[in-house]
Amino acid sequence: MSLSELVVPVLLCFTACYALGKRVDVYTALTRGAEEGLNVLVHILPSLIALLTAVYMFRASGAMEYLGALLAPALERVGIPPEVAPLLFIRPISGSGALAVGSELMATYGPDSYIGRVAAVMLGSSETTFYTIAVYFGSVGIVKTRYTIPASLCADAVMFLTSAAAVRVLMG
Amino acid sequence: MAMAWLWTGMVAVSLAFGILTGSVGELGNAALEGASAAVELCVAMAGIMCLWTGVMEVMDQCGLSAALARLFRPLLRRLLPEASRDEETLAAISANLSANLLGLGNAATPLGIRAARRMAQGCGGTASHELCLLVVLNSASIQLLPTTVAGVRSALGSADPFDILPAVWTASLLSVLAGLAAAKLLARITRG
């Protein structure tokens with residue numbers, strides 16, 4: 001039994017008990033939230049269809065392998081498996097694109113493999129950088145973003161490096 | 001439009017590569033496979049994702065996310081001293097952070113924008129240092145439970161979909177710190 005196996009049951013029980021203590025209708029809130037999750041899924045499905053089509057073609061054509069091979073020497077030096085190279089490009093640009101590439105990696109190499117785990121950690125510990133910056137500055141009318149983009153990309157670079165390292169060290 | 005270029009580019013590069021490597025015959029099948037894989041993935045992860053958005057809704061309604069937001073206030077006062085002087089901005093930023101942490105992306109963005117709008121008042125289109133920090137904070141996510149990824153992993157038959165948690169926390173915490181440090185450093189350099 002590991003800590004992560006306890007996360008789900010403990011969190012479910014704690015949240016429900018706490019909410020009930022606060023006189024919240026747990027069941028109605030749970031089902032309402034689940035309905036919202038369904039909405040999220042309905043919204044990502046069309047882009048997932050479009051993107052996985054492109055990703056599968058990209059892989060079948062051999063282009064993905066080529067891209068990986070091209071970057072392999074540099075990536076191996078910093079400890080990132082070259083197979084995840086496509087994820088590095090798409091992660092800051094498109095959330096559903098990254099989900100498509102990442103899940104394809106997990107399906108190909110297995111969700112519990114080293115590569116599958118690195119892909120999962122990269123997906124889980126980052127945001128769609130350019131989208132976030134565009135939404136924030138766009139909606140408040142900022143034109144001069146100064147050092148926001150380089151600083152965010154720096155965060156992404158550190159995230160890529162530490163994702164691979166953390167999987168190696170913590171899940172060896 | 002960026003996605004239009006990206007998508008077209010990927011398909012065009014695939015076709016060109018397919019012709020060069022002689023694997024062009026497999027492209028049609030791969031495209032169809034990809035499209036149906038998307039539906040399979042969505043269906044397989046629907047259960048776990050909806051369960052978690054449900055749990056998050058419960059957390060939101062019973063005040064757990066508000067309690068979490070209160071915890072952030074002292075930290076934010078130090079990180080964003082100018083913005084924190086305005087009580088309403090501070091409230092919006094701490095709620096934005098706690099929603100991000102709980103994975104309530106849909107709730108986090110409007111809260112963050114409300115804070116950003118107040119912070120951008122009278123700045124004439126140039127981001128202030130603290131506004132840059134807020135956006136960096138939001139673009140490098142810190143999420144306690146990466147539920148979408150766990151959903152994908154469980155859909156693909158992972159033995160323990162959440163076993164990546166310690167690695168995710170490490171990577172996201174370090175990346176946020178790096179982003180903030182880079183922003184502070186760049187602010188000092190550009191100021192001269």
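Asp112(A) and Arg153(B) form a salt bridge, with 3.1 Å between the closest N and O atoms (a salt bridge being a side-chain nitrogen of Lys or Arg within 4 Å of a carboxyl oxygen of Asp or Glu). The pair crosses between chains, linking helix 8 (residues 147-155) of chain B, which holds Arg153(B), to the loop between helix 5 and helix 6 of chain A, which holds Asp112(A). Please keep in mind that this is a predicted model, where local features need pLDDT of at least 70, side-chain atom pairs count only at pLDDT 80 or more, and totals for chains, interfaces and linings use all residues. Residues are numbered from 1 along each chain as its sequence is written, chains are lettered from A in the order in which they are written, and side-chain values use heavy atoms, leaving out hydrogens and water.

**Chain A**

- Chain A has 8 helices and 0 strands, both being DSSP runs numbered from the N terminus (helices are H or I with at least four residues, strands E with at least two).
- The C-alpha trace of chain A spans about 60 × 50 × 30 Å along its principal axes.

**Interface of chain A and chain B**

- In contact (heavy atoms within 4.5 Å) are 87 residues of chain A and 92 residues of chain B.
- About 7500 Å² is buried between the two chains, 77% of it from carbon and sulfur atoms; buried area is the accessible area (1.4 Å probe) that two parts lose on being put together, summed over both.
- Met57(A), Tyr136(A) and Tyr147(A) supply 10% of the area that chain A buries against chain B, more than any other three residues.
- Helix 2 of chain A gives the largest share of the side that touches chain B, namely 25 residues.
- That side of chain A has 56 nonpolar, 22 polar and 9 charged residues; Ala, Val, Leu, Ile, Met, Phe, Trp, Tyr, Cys and Pro count as nonpolar, Asp, Glu, Lys and Arg as charged, and the others, Gly among them, as polar.

**Largest pocket**

- The largest pocket holds about 1500 Å³ of space, a volume being the space filled by probe spheres set on grid points joined across faces, edges and corners.
- Here a pocket is an open set of points on a 1 Å grid over the protein atoms alone, where a 1.4 Å probe fits, with protein on both sides within 12 Å along at least five of seven lines; lining residues have an atom within 4 Å of a point.
- Of its 49 lining residues, the closest to the centre are Val40(A), Glu127(A), Gly105(B), Asn106(B) and Thr148(B).
- Helix 2 (residues 26-60) of chain A gives the most to this lining, with 7 residues.
- By class, the lining has 21 nonpolar, 23 polar and 5 charged residues.
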